[in-house]
Amino acid sequence: MESSSPTKKVRAYMNPYLAGVLLGLVLLAANFISGRGLGASGAVKSVVVTSVVTVNPHAAESSDFIRDYEKGHTGNPMKNWLVFQMMGVILGAFVSGILSGRLSLKTEHGPQTTSKKRLIFAVAGGILFGFGSQLGRGCTSGSALSGLAVMSAGGILTMMAIFGTGYALAYFFRKNWI
Amino acid sequence: MMGPLSVNDIISGDTNFLLAFFIGIAFGFVLEQAGFSSSRRLAGVFYGYDMTVLKVFFTGGITAMTGILLFGLFGWMDLSMVYVNPTFLTSAISGGVIMGAGFILGGYCPGTSFCGAAIGKVDAMVFIGGLFLGVYIWGFGFDLWKDMYVAGNMGSPKIGEWLGISDGLMALAIVVIAFAAFFVSEWVESRMAKSGKEN
C-alpha cells in the first residue's frame, strides 16, 4: 500500500503473473462461450462504420471499405460482440479504478517531456495504431494475444512485429518515457 | 454441454452479447488491476524499467492456450469451431510494424487506452481520438491499400503447421519460451533497479 495523500489510499497493482492467469481465464471463457478471442480495435471500427453510414447512407455503394465490412457483418454494426465487450471493458476498468483509488484526471508523461508534447505523441500513436490494426486485422488484443491463444501463425507474426518494432524504435523516443 | 456455446446454439445470440459484456467487464478489470491503464507502465517493457506487459501478456497467452487445448482434449470444446485468426503474410507483418510504432509513440494499445480513459487518463482519451482518426483514414483511402491488405493470403494456419510439429509440442515450446522470457524480465528489472539506485 502506498498513499498519494494522507486521506486517499492508492492500492498497489496486482501481481503480474496472477493478473496474467486471470486474463488467460477471461480469454479462455471468451473462446468457450463465443468461440472467439478478445478484441478492441474491432469495436472502434464498428463505431466508425456506423458514423460514416449515418452521415452518408449511400456510403456502402461508394466505399469498398464499408462494402468489405458489410460482407462480413449483418445488421446494425453496433450490435456486435466486440462493441458489447468494449462497453464492459470501460465499466470493468472504471470499477477497478474506484476500488483501487486510481480515479483521477491526469496526463502521464516521462520526467523529460511536457504534457503538451505527450498529448501530441499520443494522438500520433493512436492514428498509427488505428490504421495498423485495420491492416493487421486486429490489435494487441484481437490479433496478438487472442492469436497466440489459438496458436495462429498470423497472430504470432503480428505479435512479434508489434513488440519488435517497439524495441527497434524505443531508443529514438526514449525522452518521452525515461 | 459442448463449447463454444454460441456456435453450438446452446446460448442465443442475445445471450452471447450479454455475456460479451460480462467478459468485457472482467477483461477491463484485470487490465486495470495489472496497471495497464498507465502508459508509463506499459512503455516500461521497451526500456526494462517495468516488464509488467510481458509478464501479464505471456502468462495470459499461455494460460488461455493451455486451457483451450485441454478443453479440446477433454471433449468440452469443439476446437474446429474456434476462430483461428487468418494469416495474410504482408498485412500481418506491416500492420504489426505500424502498430509497434503507434505503441512506442502513444504508450497505449487500443484495449489499454480504453482502460486508461475509464480512470481519467487524458493521454489515453487523446490516443482514442487518434484511433478513430486512424481507422477513418484506413477506410477513406481503402482503395489505396486494398491490394496490400489481401496480399499473401495463407488461410488460417497454426504456427505448429508451419514448423511441422503437433499443437501439443508447439504449445510446450511456447510455454518454455514464456518462462525463459519471465526469467529474463525479472533479471532485467532487478538490474535496472540496482543501476537506478547507483545514479
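Q: What follows α1(B), and is its phi positive or negative?
A: G35(B) comes after α1(B), and its phi is positive, near 95°. Helices here are DSSP runs (H or I, at least four residues), numbered from the N terminus. This is a predicted model, where local features need pLDDT of at least 70, side-chain atom pairs count only at pLDDT 80 or more, and totals for chains, interfaces and linings use all residues. Residues are numbered from 1 along each chain as its sequence is written, with chains lettered from A and ligands numbered from 1 in the order in which they are written.

Q: How far does helix α1 of chain B reach?
A: From first C-alpha to last, residues 13-33 reach 30 Å. That's close to the 30 Å expected for 21 residues, taking 1.5 Å times one less than the number of residues.

Q: Switching topic: how many residues of chain A are in contact with chain B?
A: 107 of chain A, with 111 of chain B; contact needs C-beta atoms, placed from the backbone, within 7 Å.

Q: Which element gives the most on chain A's side?
A: α1(A), with 18 residues.

Q: And how do α6(A) and α4(B) cross?
A: Their axes come within 7 Å and cross at roughly 165°, the axes being lines fitted to C-alpha atoms over the stretch in contact, with angles from 0 to 180 degrees between N-to-C directions. The two helices are therefore roughly antiparallel (over 145 degrees).

Q: Which residues meet there?
A: Among them, F121(A), G125(A) and L128(A) in α6(A), and S91(B), G95(B) and I98(B) in α4(B).

Notes:
Two residues are in contact if their C-beta atoms, placed from the backbone, lie within 7 Å. Angles under 35 degrees count as roughly parallel, over 145 as roughly antiparallel, 65 to 115 as roughly perpendicular and the rest as oblique.
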